[in-house]
Amino acid sequence: MIVCSCNVLTDHDVRSVVQTAEDPLTTSDVYGCLGCSRQCGRCARTIKRIMNETMEPADAAIAAAGDGLERRAATLDFQLAEEAA
């Protein structure tokens, strides 16, 4: 769907930029990565919402991986303590 009529940007355009970015982006960064700039600004909220929606699954995956690592570290600490005793 078209989210920016001025620059003819789609939600797919925005998602692809956000998914391939190495660093967190601002809406201005998204425009720049797509080779354009903000015109009237009516699409900025929609672009920000798409950015947040796109990042939520990645944030959840990172948090889940961190929880798994903490559990493994606690298990290893317990096993090492048993072996030392």
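Val14, Val30, Ile47 and Met51 touch the most other members of the largest nonpolar core, which has 14 residues. Such a core is a set of buried Ala, Val, Leu, Ile, Met, Phe, Trp, Tyr and Cys residues joined through side-chain atoms within 4.5 Å. Strand E1 (2-4), helix H1 (11-20), helix H2 (27-33) and helix H3 (44-84) each give two or more residues to this core. H3 supplies the largest share, 4 residues.

This is a predicted model: local features need pLDDT of at least 70, side-chain atom pairs count only at pLDDT 80 or more, and totals for chains, interfaces and linings use all residues. Residues are numbered from 1 along each chain as its sequence is written, and side-chain values use heavy atoms, with hydrogens and water left out.

**Fold and surface**

- The protein chain has 3 helices and 2 strands. Both kinds of element are DSSP runs numbered from the N terminus: helices are H or I with at least four residues, strands are E with at least two.
- From the N terminus, the order is β-β-α-α-α.
- Of the 85 residues in the protein chain, 24% are buried. Buried means under 20% relative accessible area, exposed over 50%, and partly exposed in between (1.4 Å probe, protein chains only).
- The protein chain exposes about 6,200 Å², with 54% of it from carbon and sulfur atoms. Accessible areas come from the Shrake-Rupley method with a 1.4 Å probe; for residues, only the protein chains shown count as cover.

**Contacts**

- Among contacts in the protein chain with a separation of 6 or more, 48% join residues 24 or more positions apart. Contact means heavy atoms within 4.5 Å.
- Leaving aside residues up to four places away in sequence, Ile47 touches Val3, Val14, Thr27, Val30 and Tyr31.

**Salt bridges**

- The structure holds 3 salt bridges. Each needs a side-chain nitrogen of Lys or Arg within 4 Å of a carboxyl oxygen of Asp or Glu.
- Asp11 and Arg15 pair at 2.9 Å, N to O. They lie 4 residues apart in helix H1, so about one helical turn separates them. Asp11 is buried at 11% relative accessible area, whereas Arg15 is partly exposed at 25%.
- Arg15 also pairs with Glu53, at 3.4 Å, N to O. This pair links distant parts of the chain, helix H1 and helix H3, 38 residues apart. Glu53 is partly exposed at 33%.
- Glu53 and Arg49 form a salt bridge at 2.9 Å, N to O. Arg49 is partly exposed at 38%.
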